Amino acid sequence: MMTIIVFCLLFSGVLFFSYKKYKRIFANIKLGREYSNPNPTSEKLKNMTLIALGQKKMFSRPVAAIFHLFIYVAFVFTQLELIEILIDGFTGSHRILGHAMMNCCPMVYSGLINLIEILSLLALIATLVFLSRRNLLKLPRLNMAELKGWPMKDANIILIGEIFLVFGIFLMNSAESAWLNTNAQEGYHFILSSMLGNLFIGLNSETLHYLSQTGWWMHLIGIFGFILYLPHSKHLHILLAFPNAYLSNPNAKGKMDYMPEILHEIKSMMGESVEASDPNVIPKFGAKDVFDLSQKNLLDAYACTECGRCTSACPANQTGKKLSPRKIMMDTRDRLEEVGKILDSNNNEWKDDGKSLLHSYISVEELRGCTTCNACVEECPVNISPLDIIVQLRRNLIMEESNSPQEWNGMFGNIENNGAPWKFAQSERGNWSK
């Protein structure tokens with residue numbers, strides 16, 4: 001009975017605290033402008049199936065993709081065993097599904113757990129590879145300036161947590177296999193666990209039972225810790241990659257959304273009929289803070305995996321410029337989290353803290369470094385668009401603050417007057433051929 005009480009208290013605590021955090025994240029995303037995706041539902045589902053579920057874009061770098069696939073598939077299948085663990089926790093039973101299935105279809109249960117064990121072993125190998133790439137091999141894109149401090153610790157914590165989870169599974173299953181063998185009882189025929197159980201030969205039944213229970217609690221606490229930690233970590237992408245892929249930008253690569261305020265002004269100048277605008281509303285150009293971005297932009301920020309593929313593909317970053325698309329997404333998420341904390345501490349009322357995403361987090365130099373080539377968008381495994389945020393911030397910089405280099409101002413004037421960046425009248429464009 002005490003075990004059931006402890007389990008229920010832990011389970012309730014995890015639900016309560018994780019619900020509070022997930023609710024805050026949802027509220028933060030809702031702070032952005034409304035976003036609509038005109039794509040048909042079938043197209044959205046196709047994107048989600050191929051990109052989030054099928055990991056399609058990950059395979060542009062096959063080696064990393066295969067190791068990532070090991071962890072991903074193991075994570076999915078382990079949830080099947082988690083169902084049994086939760087039922088056992090609530091009822092105080094042990095392998096309740098196993099006993100039920102062993103009577104009617106023993107091969108199914110044994111096959112499922114064997115599959116989970118094999119996937120867990122592959123995930124363990126992949127985890128060690130990822131830890132090595134980050135900490136021993138010092139892969140450049142995983143050791144850039146924006147990852148110093150907490151982002152690096154975050155990545156290592158979750159990888160070490162995965163080792164803890166896998167160790168719990170194998171300790172539970174192998175100690176139980178050894179106990180069944182010691183007591184001459186029929187086992188579950190878990191191949192890997194039976195092999196590992198040989199390590200426990202000579203231990204008495206009480207010790208084996210204790211070790212198996214320790215493995216069960218280790219795995220359970222690891223899962224509960226993972227649920228609580230997930231919304232504080234970049235690994236939230238495990239959940240948000242799906243809605244993010246579903247709501248992927250339907251526009252062709254390179255196509256930018258026009259600004260309705262500008263279109264309205266141009267139509268007025270051309271004498272076209274336009275809807276009368278509210279005289280009390282002052283038009284705002286571009287985005288200065290997270291409130292000005294779309295809800296999809298903010299979802300992008302939480303869905304970012306910090307893998308750095310965008311930055312490694314960015315030509316501006318490759319030439320030594322300060323711009324890193326990954327940092328743009330991390331800054332957006334950090335600012336959004338900061339805004340959320342201010343709202344939480346002021347009864348959901350916004351108190352200006354004198355900061356903004358533009359300038360306080362993302363500098364003018366970073367924005368000017370972007371060539372809008374779309375390489376970052378093309379490279380992202382979960383269809384995030386750092387470029388969309390960059391363009392909106394740059395529009396605000398130029399149109400609200402008139403903050404642009406003299407060379408750009410000349411180009412803007414030429415486009416406005418001549419319809420081209422060059423300082424020639426349209427009537428003189430063909431002179432070069434004479």
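Predicted model: local features only at pLDDT ≥ 70, side-chain atom pairs only at ≥ 80, totals over all residues.

Tutor: Residues are numbered from 1 along each chain as its sequence is written, and side-chain values use heavy atoms, with hydrogens and water left out.

Student: What makes Phe11 and Phe90 an edge-to-face pair?
Tutor: Rings of Phe, Tyr and Trp (its six-membered ring) pair if their centres lie within 6.5 Å; planes under 30 degrees apart are stacked, over 60 edge-to-face, and the rest tilted. Phe11 and Phe90 have centres 5.0 Å apart and planes at 80 degrees, so they pass as a pair and as edge-to-face. Phe11 lies in helix H1 (residues 2–30) and Phe90 in helix H3, so the pair ties together parts 79 residues apart in sequence. Helices here are DSSP runs (H or I, at least four residues; strands are E, at least two), numbered from the N terminus.

Student: Why are Phe11 and Phe90 called partly exposed?
Tutor: Buried means under 20% relative accessible area, exposed over 50%, and partly exposed in between, with a 1.4 Å probe and protein chains only. Phe11 has 22% and Phe90 has 38%, so each falls in the middle class.

Student: Which residues do ring pairs link into a cluster?
Tutor: The cluster holds Phe7, Phe11, Phe90, Trp216, Trp217 and Phe224.

Student: How do you know that Arg61 and Glu379 form a salt bridge?
Tutor: A salt bridge needs a side-chain nitrogen of Lys or Arg within 4 Å of a carboxyl oxygen of Asp or Glu. The closest N and O atoms of Arg61 and Glu379 are 3.0 Å apart, so the pair qualifies. Arg61 sits in the loop between helix H2 (41–53) and helix H3 (62–91), and Glu379 in helix H17 (residues 375–379), so the bridge ties together parts 318 residues apart in sequence. Arg61 is partly exposed at 25%, whereas Glu379 counts as buried at 19%.

Student: How many salt bridges does the rule give?
Tutor: The count is 14. Another of them joins Glu146 to Arg326, at 3.0 Å from N to O. Glu146 lies in the loop between helix H5 (106–135) and helix H6 (150–182), and Arg326 in helix H14 (residues 325–345), so this pair ties together parts 180 residues apart in sequence. Glu146 is buried at 16%, and Arg326 is buried at 0%.

Student: What makes Arg335 and Asp289 a salt bridge?
Tutor: Their closest N and O atoms are 2.9 Å apart, so they fall within the limit. Both Arg335 and Asp289 are buried. They belong to a network of salt bridges that links Asp289, Arg335, Glu338, Asp353 and Lys355.

Student: Why does the phi of Asn347 deserve a remark?
Tutor: Most residues other than glycine have a negative phi. Asn347 has a positive phi near 55 degrees. Asn347 lies in the loop between H14 and helix H15 (357–361) and is exposed at 72%. His359 also has a positive phi, about 85 degrees; His359 lies in helix H15 and is partly exposed at 38%.

Student: What makes a set of residues a nonpolar core?
Tutor: Its members are buried Ala, Val, Leu, Ile, Met, Phe, Trp, Tyr and Cys residues joined through side-chain atoms within 4.5 Å. The largest such core has 56 residues, and those with the most contacts inside it include Tyr302, Leu323 and Leu393. Helix H18 (residues 386–399) gives the largest share, 6 residues.
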